[in-house]
Amino acid sequence: MPNLEPSTQILAPAKINLALHVVGQRTDGYHLIETLCVFAEDGDRLVVSDSARDEFEICGPFANAVPASGHNLVMAARDALRTSFAEEAAGPVAIRLEKNVPVAAGLGGGSSDAAAALILLSRHWQLELDNGTLAKTGLPIGADIPMCVHAVPLIARGVGEAIETIADFPSLAMVLVNPGVPVPTGDIFAGLKSKQNPPLPALPCDLTVTSLIDWLSSTRNDLQPPAGSLVPEIAESLHALEGSGAVSARMTGSGATCFGIFRSMDEALAAERIIASDYPQWFVKAVETGASR
């Protein structure tokens, strides 16, 4: 990639499913879900520059796990904008993806990267597209992309395309733990014992960290049991989080990343140090949630 001054850059935040209920399945095989998601103030990062030709570079600690061609979702997002807005989105671009989030980890990394690319390139090409248009453009690429376009606390329903953003949602101090075992999403959904499960209960009217933790105790991640049967390290990750003081711990998405909620960032940072010392081969990261683009 040429050494150009970047015109635009953006965070692709890690997506965390606080609860994920599988409530049905469509005739085309897609699963129907209800999920409460938050987004970390940490994740991957994308930079775009003008270029004489299209280029794509991947760097960062997890760069080797990401395809630089073929089915990469960042390039799929770029091409989707060009298909829909051919005249306005014509200029070649150089895109650099800094991959800081583990791959196939239940953190929506690829979807968040694609959503960030849609937002970033919409700005770069001065398309001035709103979130609804970008989400519609991204949905054929991946069901999680509409959630990641909004990147604020939200409930998603259907296959992930029906979005309800949540105002006044508390920021959460969390620790993310991934034992380094990729979990293919298809294998997890295939292992579901039931695909017709109860929906999410109504959120409390007064949303605080305490009321949210109480609410979480009445919810589930329906993908956690089949994932745990395939990856024993998930149970070990949850045990490490609970043992370091998490007031709530659960697997996010299809795994194998687990999150723990702590009462403060000081407690989360202390837990990060303990778990990282005990499991130096794991990805362990203290994060705060609640940021929006």
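In this predicted model, H21 touches L32, I33, E34, P198, P199, L200, P201, T219, R220 and D222, leaving out residues up to four places away in sequence. H21 belongs to strand 1 and is buried, with 0% relative accessibility.

**H21 and its polar contacts**
- The side chain of H21 reaches the backbone oxygen of P198 at 3.0 Å.
- A polar atom of the H21 side chain also lies 3.0 Å from the backbone nitrogen of R220.
- H21 counts as buried because its relative accessibility is 0%, and the cut-off for buried is under 20%.

**Helix 6**
- Helix 6 spans residues 209-216, and its buried residues include S211, L212, I213, W215 and L216.
- The buried residues of helix 6 pack against strand 1, strand 2, strand 8 and strand 9.
- Strand 1, one of these packing partners, is also the element that holds H21.
- An α-helix has 3.6 residues a turn, so residues three or four places apart point the same way.

**Nonpolar cores**
- The largest nonpolar core has 67 residues.
- Those with the most contacts inside this core are L46, L81, I95, V175, L223, I234 and I275.
- Helix 2 gives the most to this core, with 8 residues.
- Another core, of 26 residues, lies apart from the largest one and has L18, L107, I155 and M174 among its members.
- L81 is in contact with A86, A89, L118, L121, S122, W125, L127, L129, L134 and T137, leaving aside neighbours within four places in sequence.

**Largest pocket**
- The largest pocket has a volume of about 1100 Å³.
- Its lining consists of 42 residues, of which L73, G108, S111, D144 and T185 lie nearest the centre of the pocket.
- Two or more lining residues come from each of strand 1 (8-25), strand 2 (31-50), helix 1 (73-84), helix 2 and helix 5 (185-190).
- The largest share of the lining, 4 residues, comes from helix 2.
- By residue class, the lining divides into 24 nonpolar, 13 polar and 5 charged residues.

**Backbone exceptions**
- The peptide bond from G255 to A256 is cis, with omega near 10 degrees.
- A256 is placed in the loop between strand 8 (248-251) and strand 9 (258-262); strand 8 and strand 9 are among the elements against which the buried residues of helix 6 pack.
- A104 is not a glycine, yet has a positive phi of about 55 degrees.
- A104 is found in the loop between strand 4 (93-98) and helix 2 (109-124), and is partly exposed at 37% relative accessible area.
- Q126 is likewise not a glycine and has a positive phi of about 55 degrees.
- Q126 lies in the loop between helix 2 and helix 3 (131-138).
- Q126 counts as exposed because its relative accessibility is 67%, and the cut-off for exposed is over 50%.

Key: Residues are numbered from 1 along each chain as its sequence is written. This is a predicted model: local features need pLDDT of at least 70, side-chain atom pairs count only at pLDDT 80 or more; totals for chains, interfaces and linings use all residues. Side-chain values use heavy atoms; hydrogens and water are left out. Buried means under 20% relative accessible area, exposed over 50%, partly exposed in between (1.4 Å probe, protein chains only). A nonpolar core is a set of buried Ala, Val, Leu, Ile, Met, Phe, Trp, Tyr and Cys residues joined through side-chain atoms within 4.5 Å. Contact means heavy atoms within 4.5 Å. On a 1 Å grid over the protein atoms alone, a cavity is a set of points where a 1.4 Å probe fits but cannot get out, and a pocket is an open set with protein on both sides within 12 Å along at least five of seven lines; lining residues have an atom within 4 Å of a point. Grid points are joined across faces, edges and corners, and a volume is the space filled by probe spheres set on the points. Ala, Val, Leu, Ile, Met, Phe, Trp, Tyr, Cys and Pro count as nonpolar, Asp, Glu, Lys and Arg as charged, and the others, Gly among them, as polar. A polar contact is a pair of N or O atoms within 3.5 Å; within protein, one must be able to donate a hydrogen and the other to accept it, and residues adjacent in sequence count only if both atoms are side-chain atoms.
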